[in-house]
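Keep the sequence and the structure at hand and try each task before you read on.

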Amino acid sequence: MALEARDLVREYGSVVAVDGIDLKLAPGEALTVFGPNGAGKSTLLGMLGGAMHPTRGTVSIGGVAIDPSVTSWRHRVGILSHRGFLYARLTAAENLRFYADLFGLDDPEARVAQGLGRVGLTDRARTEARHLSHGMKQRLSLARALLHDPEIVLLDEPYTGLDPSAAAVLRNVLGELKDGARTVVVVTHNLREGLAMATRVAIQLRGRFVWEGAANDLDAVAFERHYHETIEVAA
Amino acid sequence: MSTAGVRRGGTALTLIGLAGLIGLFWLSFFWVSTEVNQGVAQRIFYVHVPAAWTSFMAIGISALCSGVYLWLRDERLDRAALAAAEGGFVFATIVLVTGPLWGKIAWGTYWTWEPRLTLTLLLWFIFLGYFMVRGSTEDPEKGKRFAAVVALVGAIDIPFIHVSVLWFRSLHPQPVVAKAEGPTLPQDMLTTLLVGVLVFTVLFFGLFLMRYALEGLRAELQLRERRTSS
Amino acid sequence: MSTYLRQLAAIVRKDLVLEFRSKDRLVAMGAFAVLAAVLFNFSLDNASVRPRDVLAGLVWMTLVFGGLLGVGRTFHLEAEDDAFRGLMTSPAPKDAVYLAKVVVNFVLVYGLSVLALGVFSLFLAVDVGANLPGTLLVLALGALGFVALSTLFAAVSTGTTMGETLLPVLVFPLLLPMVVFGAGATGRLIAGRPFAEVAGNVRVLGAFAVAAVAAGAVLFRFVVEE
């Protein structure tokens with residue numbers, strides 16, 4: 001298994017954000033997790049990416065349980081959140097160069113140029129991030145997340161607040177990720193975009209997966225109805 | 001040991017400690033001879049010094065438990081660190097109250113930068129910081145880790161503070177404190193002091209165990225509440 | 001160059017670039033040093049206090065208060081756009097992050113203390129030229145110890161609901177050794193005493209700085225863990 005979670009639990013004091021989630025994803029699979037705000041989707045993604053420590057349970061990458069205090073496996077994971085992880089006073093190229101150094105990439109200049117080209121920002125290399133439009137910033141953080149060519153890609157609400165051009169770039173780049181070698185997890189409440197990139201789908205409510213299925217034999221209209229019924233019943 | 005067992009042990013030790021405290025008071029008021037230079041006021045020494053000893057032992061225990069907690073993440077270690085810190089805070093407060101009372105009568109001023117008194121004052125603030133970080137975090141796990149860091153750094157810093165207050169005093173002449181200690185201490189004073197140290201240590205561990213058991217019960221209650229609500 | 005050093009250098013370079021572009025902390029801390037000197041000047045009665053005798057103490061107090069003002073904001077730089085999470089999920093070891101922050105804060109706080117020395121010397125008309133290299137060394141060791149502790153606890157206080165308000169309560173009790181030995185040594189060097197007389201102080205300051213940096217590097221990972 002490329003990415004595996006076993007009985008994952010995360011508590012904040014007396015609040016249980018993730019309450020026993022199991023998942024197994026092979027290379028080439030893309031899981032989209034839908035759920036309303038407060039379902040614990042971001043917490044799940046945080047634990048899968050090693051940003052948060054699980055209260056109980058384990059996450060394994062390539063069959064090896066990850067230890068958030070060890071850094072070696074972090075090269076294999078790329079994280080894109082709706083927050084960009086960018087420094088406003090660094091230029092586009094400097095932002096990427098910083099990450100290239102953190103990930104210890106060989107030939108960082110070439111990687112930065114390649115990353116900028118991939119999201120169409122080559123001519124903005126020397127612009128400070130604060131002067132970029134919102135869509136450009138999102139494209140830049142996409143380039144940042146994929147700079148080290150990770151085999152596991154975690155996306156937290158990637159389409160939130162995107163302008164159409166950025167959404168098109170994102171769709172393109174995510175399409176490139178479907179090369180059979182990568183594992184993708186997306187959490188979102190955007191049904192249309194979420195379904196488009198998924199091979200598997202789950203609905204998360206109150207920290208648990210209440211529904212799971214394959215995406216290819218899914219009727220989008222029926223799923224949409226099912227999803228809304230599920231979250232209404234819960235509310 | 002079960003929580004109930006710890007609680008019973010804590011209660012027993014506390015009762016022994018309280019009984020010992022009555023004995024200590026009897027010794028220091030009626031039995032021990034009066035110190036020649038300072039007179040009756042010096043008798044506060046038999047409370048002051050054992051309380052200071054206990055508060056420094058407490059930061060040691062708290063830091064030790066904190067360090068192992070960060071390593072093993074066993075909740076019981078955090079509870080022990082907290083219980084020790086609370087005990088230490090109380091005993092440091094006793095030192096800070098008895099010190100000036102003694103000082104006023106012995107050398108005419110409430111506060112002097114006497115090294116051990118200064119050290120206790122800073123220790124008191126380290127404990128205060130310990131409780132403040134615990135109280136001001138939304139995620140209790142984070143509060144436990146923060147507090148553990150405060151206790152550990154505080155304990156590492158104390159030898160440095162000790163050296164610095166001694167050095168500071170060597171430069172700045174202070175009112176001479178007739179320290180009744182060391183080999184020159186008459187036998188009956190030494191006996192009373194040692195009884196004091198023993199009594200305060202027993203009392204500390206009694207309170208420590210009771211407080212530890214209380215935290216255990218609180219955690220158990222939380223767990224049950226969560227089970228019934230889900 | 002090993003990966004560790006490359007990561008450390010990348011964070012240092014990034015922070016210095018951000019610092020010099022925004023100038024927020026540079027200006028705030030620089031202004032603090034000058035304004036503190038102005039206020040201290042008017043708070044002293046020149047008839048009864050000789051500036052020469054209190055200068056070292058004032059410089060050290062400026063280092064502590066002004067330094068805390070700047071160091072308290074160490075992690076605000078990372079807070080916008082959640083950049084700190086990006087740093088934390090990168091392969092950079094947590095101790096490298098801590099050491100990089102210490103280096104950057106050291107540059108700022110040491111700069112502040114040297115500026116304070118100069119400004120106080122100017123305003124209070126005290127010649128600090130005697131033993132200047134020794135004085136600068138003492139300030140450097142003091143600034144390092146100060147920064148090591150305050151950077152660690154800035155991470156703690158940033159994670160609490162009280163924020164920077166908590167920082168003095170956590171850091172001041174721990175700073176006593178630094179202030180005692182640092183101000184003591186600085187005072188004597190300014191008074192023209194030979195460096196050999198304060199060698200013991202310098203050793204303790206050095207040991208304090210080393211212990212503080214080591215403790216911070218080990219403990220930082222527990223503070224920033226989510």
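**Exercise 1. Chain B as a whole**

What percentage of the 230 residues of chain B count as buried? Describe the make-up of the chain as well.

*Solution.* Bear in mind that this is a predicted model. Step one: 44% of the residues of chain B count as buried. Step two: go through the secondary structure, and you will find six helices and zero strands in chain B, in the order α-α-α-α-α-α from the N terminus. Step three: take the extent of the C-alpha trace, which is about 70 × 40 × 25 Å along the principal axes of chain B. Step four: look at contacts in chain B between residues at least 6 apart in sequence; 81% of these join residues at least 24 apart.

**Exercise 2. A sheet in chain A**

What is the strand order of the open sheet of six strands in chain A? Find its edges, too.

*Solution.* The order is 6-7-8-3-9-10, and the pairing is mixed. Now for the edges: strand 6 (77-80) and strand 10 (208-214) of chain A each have a single partner strand, so one side of each is left without a neighbour in the sheet. From one strand to the next, the twist averages 15 degrees. Next, zoom in on one pair: strand 9 (residues 200-205) and strand 10 of chain A run antiparallel and are joined by six bridges. Within chain A, Arg200(A) stands opposite Ala214(A) of strand 10.

**Exercise 3. Where chains A and C touch**

How many residues of chain A are in contact with chain C?

*Solution.* Count both sides: 26 residues of chain A are in contact with 24 residues of chain C. On the chain A side, helix 2 (residues 92-102) gives the most, with four residues. Sorted by type, the residues on this side of chain A are twelve nonpolar, ten polar and four charged.

**Exercise 4. Placing Met162(C)**

Is Met162(C) buried, exposed or partly exposed?

*Solution.* First locate Met162(C): the loop between helix 7 (132-158) and helix 8 (167-190) of chain C. Then count: Met162(C) has 15 C-beta neighbours inside 10 Å, so it counts as partly exposed. Last, list the contacts: leaving out residues up to four places away in sequence, Met162(C) touches Ser136(B) and Ser157(C).

Technical notes
Residues are numbered from 1 along each chain as its sequence is written. Chains are lettered from A and ligands numbered from 1 in the order in which they are written. This is a predicted model: local features need pLDDT of at least 70, side-chain atom pairs count only at pLDDT 80 or more; totals for chains, interfaces and linings use all residues. Two residues are in contact if their C-beta atoms, placed from the backbone, lie within 7 Å. Helices (H or I, at least four residues) and strands (E, at least two) are DSSP runs, numbered from the N terminus. Ala, Val, Leu, Ile, Met, Phe, Trp, Tyr, Cys and Pro count as nonpolar, Asp, Glu, Lys and Arg as charged, and the others, Gly among them, as polar. A residue is buried if 20 or more other C-beta atoms lie within 10 Å of its own, exposed if 12 or fewer, and partly exposed in between; C-beta atoms are placed from the backbone. Two strands pair if DSSP finds at least two bridges between them. Axes are lines fitted to C-alpha atoms, for helices over the stretch in contact, and angles run from 0 to 180 degrees between N-to-C directions.
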